[in-house]
Amino acid sequence: MSDFWLTEYIPHLVVQPADARLNPPEGYLFVQDGLIISCGVLYALLYVFLMMRVVKDGVLPGSIKFLSLTLAYELYYAFATTSTRLERICFLVWFELDLAFVALALWRVHGPDQGKRIAGEMLVYCITALAGLRYLGYLYPDDREQITAYWTGILLQLPAGWVYVYGLVKHRSLLGHSLETWYAACFSRCRGCLTAYGLFIWRYLNIPRNWEYVGSFWNIAVIVITLIPETVYPFLYIWVFNQNKSKVKRG
């Protein structure tokens, strides 16, 4: 029996058909697997931290209706970009965590009556977004709809960090905020920031002809604009924390 018999039963994760046709080396695929798993775990932790914070504080920075778009994204691409049952289950875990977070936020922040009305609106927005994603896949067809998944994901990530930074500066309150949320978000929010960007940069550096859009000016600009709030958030958090601490002492 081969010393590496177990590897015969563990396929690599989300290998794009265009990459697979080039027969990439194992090293490339293992680094890609590590980045995908890291992103997925931190993305799940983000929702756990958000749920803990919204239950404790009863406050949600930004509008919960925006999550209609992330729900649609996670549900649609759980089927559009996956090829195995295991991949699909993992993607759907993110959708379920997002859905659990929305349910908790509606209960804690908005109450039963208003929560039901908002939930109805979000359902309409989510269905509309699903139709929009399907139409984009029709307009820009490619293997596993990767191009539309990338651009819609990175654009969904763009406003999230800025909303949290704006909320900190405007309200000077830590309600709804935590450094744990920032830590998870910095590495994974909406498939964003360091691990997800690292995944696509790794692909671009190794097979640039398959991932040309990753090196485009507009993509680099969006990444930089997205990383600015994620970078300054912990410093603003500490600044607000110290301000509130000083107010308590002066009390």
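A salt bridge here is a side-chain nitrogen of Lys or Arg within 4 Å of a carboxyl oxygen of Asp or Glu. D143 forms one with R21, with the closest N and O atoms 3.3 Å apart. The structure holds 4 salt bridges.

This is a predicted model: local features need pLDDT of at least 70, and side-chain atom pairs count only at pLDDT 80 or more, while totals for chains, interfaces and linings use all residues. Residues are numbered from 1 along each chain as its sequence is written, and side-chain values use heavy atoms, with hydrogens and water left out.

**Salt bridges**

- D143 lies in the loop between α4 and α5, and R21 in the loop between α1 (17-20) and α2, so the pair ties together parts that are 122 residues apart in sequence.
- Helices (H or I, at least four residues) and strands (E, at least two) are DSSP runs, numbered from the N terminus.
- D143 is partly exposed at 30% relative accessibility, whereas R21 is exposed at 60%.
- Buried means under 20% relative accessible area, exposed means over 50%, and partly exposed is in between (1.4 Å probe, protein chains only).
- D57 and R53 also meet through their side chains in a salt bridge, at 3.4 Å from N to O.
- These two residues are 4 residues apart in helix α2, so about one helical turn separates D57 from R53.
- D57 counts as buried, at 16% relative accessibility.
- E121 and R117 form a salt bridge at 2.9 Å, N to O.
- E121 and R117 are 4 residues apart in helix α4, so they too are separated by about one helical turn.
- Both ends are partly exposed: E121 has a relative accessible area of 21%, and R117 has 44%.
- K65 joins R117 and E121 in a network of salt bridges.

**Nonpolar cores**

- In soluble globular proteins, nonpolar side chains tend to be buried together.
- The largest nonpolar core has 40 residues.
- A nonpolar core is a set of buried Ala, Val, Leu, Ile, Met, Phe, Trp, Tyr and Cys residues joined through side-chain atoms within 4.5 Å.
- The residues with the most contacts inside this core are Y47, I64, Y77, F101, V102 and L168.
- Two or more core residues come from each of α2 (26-57), α3 (67-80), α4 (85-139), α5 (146-171) and α8 (217-250).
- Helix α4 gives the largest share of this core, 13 residues.
- V102 touches I64, L67, L71 and M122, not counting residues up to four places away in sequence.
- A second, separate core has 17 residues, including V14, V15, I154 and V214.

- R203 lies in helix α7 (residues 193-206).
- Beyond its neighbours within four places in sequence, R203 is in contact with V14, Y28, Q32, I36, Q146, P208 and W211.
- Contact means heavy atoms within 4.5 Å.
- Q32 sits in helix α2 and is buried, with a relative accessible area of 0%.
- With neighbours within four places in sequence left aside, Q32 is in contact with L13, V14, V15, D19, L199, W202 and R203.
- Q32 and V14 are 18 residues apart along the chain, and their C-alpha atoms are separated by 8.9 Å.

**L46**

- L46 is found in helix α2 and counts as buried at 4% relative accessibility.

**Nonpolar surface patch**

- W162, I220, V224, I225, I228 and V232 make a nonpolar surface patch of about 480 Å².
- Patches are made of residues with over 30% relative accessible area and no salt bridge; like charges are joined within 9 Å, and nonpolar side chains (Val, Leu, Ile, Met, Phe, Trp, Tyr) within 5 Å.
- Accessible areas come from the Shrake-Rupley method with a 1.4 Å probe; for residues, only the protein chains shown count as cover.
- Helix α8 gives the most to the patch, with 5 residues.
- V224 is found in α8 and is partly exposed, with a relative accessible area of 46%.
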